[in-house]
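Please look over the structure shown here with its sequence.

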Amino acid sequence: MTTIASINPAASGPSAPATLAALAVRSRTTEALLLADTLAAIAFAGGVAGAVFRARAILDAAPWLALALAAMAARGGIALVLADRAALAGRRTTTAARMRVVRAALALRPGAGTTAAELVGAAVDEVDALDGYAARFLPARRAAAVAPLVVLAAIALASPVCAAILAATLVPFIAAMILAGGAAADRSRRQFAALSRLSALFADRVRALPVILAFRGEAREAERIGAASEALAARTISVLRVAFLSSGALEFFAALSVALVAVYCGFALLGLLPFPAPESLTLGRAFFALALAPEFYAPMRRLAAAYHERQAAETAASRLAPLFSLPASPTALNPAMPPRIVFDGVTIRYPASDVPAIANFSLTIAPGETVALVGASGCGKTSVLHALLGLAPITAGAILIDGQPLQTGGGVAAAWAGQSPLILPGTIREAIALADPGAAHDRIVQAAMAAGLGSALANRQEGLHAPIDARGGGLSGGERRRIGLARVFVKDAPLVLLDEPTAHLDPAAEAELAVTIARACARRTAIIATHSMALAGIADRVITLEPGA
C-alpha cells in the first residue's frame with residue numbers, strides 16, 4: 001500500500017525537527033507560567049521554613065505563613081491558567097497543521113498514488129499527535145532547561161552541600177533518559193506505521209463494504225482488521241513499556257535525591273555526620289533545602305511525562321514532511337467569456353496503466369460551441385473531461401484555453417456534472433449550493449427550477465430544505481442528476497463539462513433531461529461525454545472516439 005511518505009521518494013523534504021519547528025505554535029505565556037510556578041515554589045518553601053524556624057513566636061511566624069499561603073494560592077492560579085494556555089497552543093498547532101494537510105492534499109498531482117484513507121489518517125491521527133508536543137512538551141522542555149538551575153541556586157544559598165547532592169543525582173538520570181528516549185523513538189515510529197496501516201485498511205474496507213457483503217467475505221475481512229488491531233495494540237504496549245521505564249528512572253532518582261538531602265540535613269542538625277560538615281546548617285536553612293528539594297525534579301517530571309508526545313510528534317512530522325514539501329497546485333485558468341479550447345496531440349496515460357487512455361487527440365472547439373463526445377466505454381471520453389479539470393495526467397501534447405496552455409496538474413474553472421453527482425449529508429438546497437456556497441437563496445431556487453426539480457420539490461413537505469443523507473437516500477437517479485445540473489446553473493462559469501448526465505435513464509426521462517441540459521449549455525462552451533445519441537443530438541458537433549485513439 002502506498003504511504004504518504006512515498007509521495008515524492010526522490011525528494012528528501014524537510015527533516016522531522018524542521019517540520020515540527022514550522023508547525024508547532026510556541027506559547028511564551030505557557031513557558032513564563034512554568035517559570036513563575038518555580039518561583040512560587042521557592043516562595044512557598046521559604047515561607048514554610050521561616051514559619052517553622054519562628055514557630056515559637058506567633059507574631060514572628062505570621063508573615064512567613066502568609067507568604068506560604070500566598071505562594072500556594074499563586075501556584076493554584078498558575079495551574080489553572082497554564083492548562084488553558086497549553087490547550088490553546090495545542091489547538092492552534094493542530095488547526096494550522098490540518099489546514100496544511102488539506103492544502104497539500106489538494107495540490108496532489110493526478111496519479112500520485114496516495115489513497116483517501118491515508119490523507120484522512122494524516123489529517124486526523126498524525127496531526128493529533130502534534131497537540132501534546134505544542135501543549136505540553138515544548139513549554140516543559142524550555143522550563144526544564146532553566147527551572148532546575150533556579151531551584152539549585154536557591155538551595156545553594158541555604159546549603160551548598162544539598163545543592164551538590166541534587167546535582168550529583170542529575171547525571172545518571174540524564175543518561176537513563178537518553179537511553180530510554182532512543183528506544184522510544186524507534187517504537188513510536190513502528191506504532192505510527194501500524195496505526196496508518198490500520199486506518200487505511202479500515203477505510204478501504206468500509207468503501208468496499210457492498211462488495212464484501214455480496215461475496216460473503218465479512219468473516220475474512222473482520223479477521224484481517226482484527227489482526228491489524230492486535231498488531232497496533234502490541235506496538236502501543238511496547239511504547240508504553242519504554243514510557244514506564246523512563247518514568248520509573250525519574251522517580252527513582254527524584255526519591256533518591258530527596259532522601260539523601262533529608263538524611264544529610266537530619267544528621268547535620270544532630271551533629272552525627274561521619275565527616276566534618278563544610279557548612280553550619282540551621283533548622284531554617286535545612287527545612288528550606290528539604291522543602292524545595294522535590295521541586296528540583298518537578299520540571300523534569302513534566303518533561304518526562306510529555307517525552308512520549310515528543311517522540312510521537314517527531315514520527316508524525318517525518319511522515320507529514322513529504323506531503324508538506326509538495327509544490328503548490330497550479331492556479332486554475334478562469335476564463336471570463338466562453339473559451340476557445342484546443343487539444344493539440346494530447347496523450348493521457350495513467351501510472352498504473354500500460355496503454356494510454358487516449359493518444360494523440362486533437363480537437364478545436366469554438367467559443368460557445370457544444371460538442372458531444374461519443375464512443376464505446378473505455379475510449380477516453382471521461383479522461384478528456386478530467387484533463388480539462390486537471391484530474392488526468394497529460395503525458396504528451398497540450399491543451400490551450402484561449403491560446404493559454406494548461407499547466408501540468410492545473411485545470412480550468414468549469415461548471416461540472418459527473419456520472420454520479422457527489423451528495424453530502426444535508427439538505428437539497430445545500431447539495432445544490434455545493435457549486436457556489438455563497439449563492440443567494442433565490443438563485444438556488446431558480447437553478448432548481450431550471451434543472452427540472454420543481455415536481456420533486458413539490459412532493460416534499462420541506463421543499464429545498466428536505467434532508468438527504470450521504471448516499472442520497474430518497475432521491476431517484478434522475479433527481480440526483482438534476483441536482484448535478486442545478487449546480488451547473490448555479491455556477492456561473494463560461495465552460496460546462498458533463499459526463500454521462502443521462503446514463504441509466506429511461507427514454508422519456510432522458511428526453512426531458514436533454515431539454516434541461518440544452519438550456520444549461522446555452523451561451524457557454526460545453527463538452528458532453530455520452531453514450532446516448534439522443535443527448536448528442538442537442539450538440540452543435542458530435543465527435544466519435546475510438547478505443548486506443
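A polar atom of the Arg 482 side chain lies 2.9 Å from the backbone oxygen of Ala 451, where a polar contact is a pair of N or O atoms within 3.5 Å, one able to donate a hydrogen and the other to accept it, and residues adjacent in sequence count only if both atoms are side-chain atoms. The model is predicted, with local features needing pLDDT of at least 70 and side-chain atom pairs pLDDT 80 or more, while totals for chains, interfaces and linings use all residues. Residues are numbered from 1 along each chain as its sequence is written, and side-chain values use heavy atoms, without hydrogens and water.

**Arg 482**
- Arg 482 belongs to helix 14 and, at 9% relative accessibility, counts as buried (under 20% relative accessible area, with a 1.4 Å probe and protein chains only).
- Beyond its neighbours within four places in sequence, Arg 482 is in contact (heavy atoms within 4.5 Å) with residues including Gly 452, Leu 453, Glu 512 and Thr 516.

**Helix 12 and helix 14**
- The axes of helix 12 (residues 441-450) and helix 14 (residues 477-490), which are lines fitted to C-alpha atoms over the stretch in contact, come within 8 Å and cross at roughly 130°.
- The contact is made by Arg 443, Ile 444, Ala 447, Ala 448 and Ala 450 of helix 12 together with Ala 486, Phe 489 and Val 490 of helix 14.

**Whole protein**
- The protein has 16 helices and eleven strands, taken as DSSP runs (H or I of at least four residues, and E of at least two).
- Buried residues make up 46% of the 549 residues.

Definitions and conventions
Axes fitted to C-alpha atoms, helices over the stretch in contact; angles between N-to-C directions. Buried < 20%, exposed > 50% of the residue type's maximum accessible area, 1.4 Å probe, protein only.
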